[in-house]
Amino acid sequence: MKRTSLALLLTTALAAAPLAAQTIVTVNNTRIDSTEIDQQVKIINEQSNGQVPDSRELRENIARRLVTRELMIQESRRLRLNESPEFKQIIERARADARSSGEDRKPTFRQDWATFEGNVTAQALVAHILRNNPVSDAQVQQAYQEITNRYRGTQEVQLGEIILDNADNAQKAISDLKRGRRFTDVARQYTIDPQSKANGGISPSFTPLKDLEEGAPLVYNAVKSLQQGKFTETPVQSNGIYAVFYMANKRAVRVPPFAQLKPQIQQDLQNLLIEQEIARLYQQATIR
């Protein structure tokens with residue numbers, strides 16, 4: 001099943017979900033119900049101290065993760081990875097720890113244990129994929145060369161931004177900048193972004209213009225011709241949010257040396273292998 005179809009299915013199911021638990025989706029005849037999603041929403045809300053509220057988007061993201069997790073668990077069991085000595089050792093050690101700490105006597109232990117065992121089962125598949133498809137030094141070298149080729153002769157920018165929730169304040173901020181007020185002072189006064197209020201709206205990092213062109217074309221078109229020290233005199237608008245951008249610095253892209261990027265490239269290539277396997281599982285699955 002394609003992910004677009006899954007997105008539509010989850011949107012419809014979550015919209016129709018009543019207060020009582022109901023099946024949101026089935027993955028190869030295994031049910032995922034609303035109580036599992038409710039539990040994850042509660043955990044995320046508590047861990048974020050209420051900064052991540054319950055929402056339709058959050059529930060859809062959780063549901064997708066649960067579908068992916070279930071596919072990985074099923075494939076791991078199909079390959080009998082949960083019967084390996086390494087897997088059994090992890091489970092036995094965890095059981096012993098639970099007994100010695102008293103965790104196994106808590107009312108929620110059965111549910112917590114099922115979640116833990118499922119996570120270990122899914123991770124066993126990840127280990128299996130990477131063990132059977134090791135990333136070679138030649139692959140890492142090739143990926144690094146592709147990165148250097150991609151950014152050769154291009155520029156990267158250090159941007160400031162003022163995020164606003166209405167057009168009036170955006171125009172007020174622009175007017176203040178035109179009068180010569182420092183960008184950091186204007187950002188602290190007008191931005192609705194807490195981080196920007198703290199740092200004066202200027203990012204400490206550089207972003208390649210090529211990445212902006214592909215990933216955020218609205219921002220790219222607004223800043224690509226800005227000279228250092230200049231700002232966008234027309235706010236960038238998207239989904240009811242307005243942004244004023246400032247060119248703090250612009251320079252040729254500096255690709256870090258191979259030794260510095262090697263660990264990240266290896267991780268990225270490993271993640272790609274995992275994503276490809278998960279995509280295959282989705283294509284072969286019956287999800288409804």
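## Who touches Ala 173?

Set aside the neighbours within four places in sequence, and Ala 173 is in contact with Ile 162, Val 186 and Tyr 190. Here, contact means heavy atoms within 4.5 Å. This is a predicted model, where local features need pLDDT of at least 70 and side-chain atom pairs count only at pLDDT 80 or more, while totals for chains, interfaces and linings use all residues. Residues are numbered from 1 along each chain as its sequence is written, and side-chain values use heavy atoms, with hydrogens and water left out.

## Where Ala 173 sits

Ala 173 belongs to helix α7, which covers residues 167-178. Helices (H or I, at least four residues) and strands (E, at least two) are DSSP runs, numbered from the N terminus.

Is Ala 173 buried or exposed? Ala 173 counts as buried because its relative accessible area is 0%. The cut-offs go like this: buried is under 20% relative accessible area, exposed is over 50%, and partly exposed is in between, using a 1.4 Å probe and protein chains only.

Now for Gln 47: Ala 173 and Gln 47 are 126 residues apart in sequence, and their C-alpha atoms are 35 Å apart in space.

## Two loop residues with positive phi

Asn 28 isn't a glycine, yet its phi is positive, near 50 degrees. You'll find Asn 28 in the loop between β1 (23-27) and β2 (30-33). With a relative accessible area of 31%, Asn 28 is partly exposed.

Arg 80, also not a glycine, has a positive phi of about 60 degrees. Look for Arg 80 in the loop between α3 (56-78) and α4 (85-101). Arg 80 is exposed, because its relative accessibility is 58%.
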